[in-house]
Amino acid sequence: MATAPHRQAFSTRQVHAGSTHRSPASRTTPIYLTAGFPFEGFDDAAAHFGQGDGFGYTRIGNPTVDAVERKVASLESGAQALLVASGQAAISVALLGLVASGEHIVASSHIYEGTRGLLQENLARLGIDVDFVDDIDDPAAWEAQIRPSTRALFAESIANARNDLLDIAAVSAVGDAHGIPLIVDNTLATPYLLRPIEHGAAIVVHSASKFLSGQGSVLGGVIVDDGRFDAGRSGVLFPHLVAKSRSDSPSVADRHGGLARIAYLREVVAPRLGPTPSPLNAFLIGQGLETLSLRIQRQSENAARVAHWLATRPEVESVDYIGLPSHPHHRHAERYLPDGAGSVFTFTLRGGVDEARLFIEALEVVTHMTHVGDVRSLILHPATTSHVQRTTRERESHGVHAGTLRLSIGIEDPADLIVDLGRGLAASHPEPVPALSLSAIPVVRRRPASVPA
Ligand SMILES: *Cc1c(COP(=O)(O)O)cnc(C)c1O
């Protein structure tokens with residue numbers, strides 16, 4: 001009597017029935033929503049652990065994540081990219097791959113408040129020092145802060161709130177002279193408008209939660225490296241990249257050459273600290289990237305129209321938009337932003353918090369929330385939200401006044417945005433405001449020379 005084939009029990013089938021490793025080809029990169037990947041053969045497992053071949057566990061690598069990393073590396077003109085769970089994670093991982101206790105970072109003082117907190121509170125508690133440069137346009141100001149223990153320079157390409165534009169070539173050159181990489185947070189510019197690596201930056205970081213994904217549905221962060229780590233020149237500053245590992249096997253630089261920095265992040269920093277992106281979020285970031293140029297063109301054009309319009313309004317005291325000829329850094333815009341000036345900027349109402357409140361509460365199209373880079377236009381009052389921890393003096397020196405509002409302009413029809421912002425002005429300034437003198441239009445508030453960093 002032939003024995004019936006063994007039928008697995010319910011509890012076994014609920015795990016294994018219907019599952020297959022073989023998947024049909026898909027036009028889009030599939031979402032590999034899986035913790036790990038079965039090894040094909042016994043030796044493949046060893047090759048994965050030994051040489052990092054193939055995929056084993058999603059914290060170490062995942063095909064959906066990998067596809068996004070390759071796309072961002074290409075768009076940023078970098079050699080390799082590493083996707084992590086948020087912009088904050090990207091900045092943390094990038095810095096912790098370079099800097100150790102007792103060492104030092106020189107950072108622009110015009111940076112995202114979350115980054116400032118990371119540097120001043122979290123990294124400080126790990127024994128990492130930071131000094132800030134206020135006049136980021138002056139290479140000598142960067143040079144003056146460099147110490148023998150400095151391991152990284154950090155700045156944003158376009159910075160909130162004054163829309164300062166970094167002279168990337170000049171600041172990279174300062175770092176290069178000491179063998180120190182410049183890390184540029186390129187979140188507000190995006191690689192469509194500006195590719196810092198083409199101007200000499202070594203490392204780019206992004207909050208992919210903003211323009212890269214573009215629809216405000218997920219968080220993500222990415223680090224891109226230029227692949228030009230020079231062990232001969234900089235090895236003495238970064239011994240962890242050039243020293244043999246514990247088992248006397250080759251160093252990271254021996255194995256990865258110019259890619260040593262990002263290889264160290266991929267092998268040692270990110271998987272240990274664990275800010276792994278979900279493959280689902282990676283998929284959504286990849287979808288967003290496919291329309292980046294279209295969104296950024298439209299958003300930059302819309303923002304330029306809104307900024308020019310605001311600058312002519314008597315209710316508005318100043319507009320800090322790098323695309324306006326009156327911006328103090330506008331002279332760099334031709335070189336660094338030939339295709340558009342981005343869509344996140346601030347403007348300052350005549351009056352103060354009361355006017356800002358009336359303005360925001362009258363808006364019907366522009367959404368009141370703390371986010372930027374969305375297809376929807378967004379607004380925030382920094383002095384009572386993102387910058388509330390700072391003293392009034394610090395806020396003022398960073399371009400955040402009582403009447404300052406931050407806009408992130410979306411892809412809507414610009415005429416509807418102008419109608420909506422006009423609604424805000426009508427609510428904030430019900431009495432007619434005398435026009436400013438023509439010479440003051442368009443206006444940009446400059447930092448008072450007397451205010452220290
Ligand atoms: C939002 C933002 C970050 C932080 O990114 P998350 O994805 O929110 O962690 C860092 N830098 C800049 C310039 C940002 O706008």
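This is a predicted model: local features need pLDDT of at least 70, side-chain atom pairs count only at pLDDT 80 or more; totals for chains, interfaces and linings use all residues.
Start with serine 77, which sits in the loop between H3 and strand E1 (80-84). Its phi is positive, about 55°, even though serine 77 is not a glycine. That's worth a second look because most residues other than glycine have a negative phi, and most peptide bonds are trans. Serine 77 has a relative accessible area of 32%, so it counts as partly exposed.

Threonine 190 also has a positive phi, about 70°, and is not a glycine either. This residue belongs to helix H8 (residues 190-193). Is threonine 190 buried or exposed? Its relative accessibility is 1%, and the cut-off for buried is under 20%, so threonine 190 is buried.

Then there's a cis peptide bond, with omega at about 5°, between asparagine 160 and alanine 161. Alanine 161 is part of the loop that runs between strand E5 (158-159) and strand E6 (164-165).

**Around the ligand**

| Residue | Protein atom | Ligand atom | Distance |
|---|---|---|---|
| Glycine 87 | backbone N or O | oxygen | 2.8 Å |
| Aspartate 185 | side-chain N or O | nitrogen | 2.7 Å |
| Serine 207 | polar side-chain atom | oxygen | 2.8 Å |

On its own the ligand exposes 380 Å², and the protein buries 90% of that.

Among the buried ones are Gly87 and Ile91.

In soluble globular proteins, nonpolar side chains tend to be buried together. The largest nonpolar core here has 111 residues, and Trp142, Val319, Phe345 and Leu407 touch the most other members. Helix H14 (residues 292-311) supplies the largest share, 8 residues. At least three residues come from each of domain 1 (54-289) and domain 2 (292-433).

**One more buried residue**

Finally, look at glutamate 69 in helix H3 (residues 63-75). With 7% relative accessibility, glutamate 69 counts as buried.

Conventions. Residues are numbered from 1 along each chain as its sequence is written. Side-chain values use heavy atoms; hydrogens and water are left out. A nonpolar core is a set of buried Ala, Val, Leu, Ile, Met, Phe, Trp, Tyr and Cys residues joined through side-chain atoms within 4.5 Å. Buried means under 20% relative accessible area, exposed over 50%, partly exposed in between (1.4 Å probe, protein chains only). Helices (H or I, at least four residues) and strands (E, at least two) are DSSP runs, numbered from the N terminus. Domain bounds come from an automatic or database domain assignment. A polar contact is a pair of N or O atoms within 3.5 Å; within protein, one must be able to donate a hydrogen and the other to accept it, and residues adjacent in sequence count only if both atoms are side-chain atoms. Accessible areas come from the Shrake-Rupley method with a 1.4 Å probe; for residues, only the protein chains shown count as cover.
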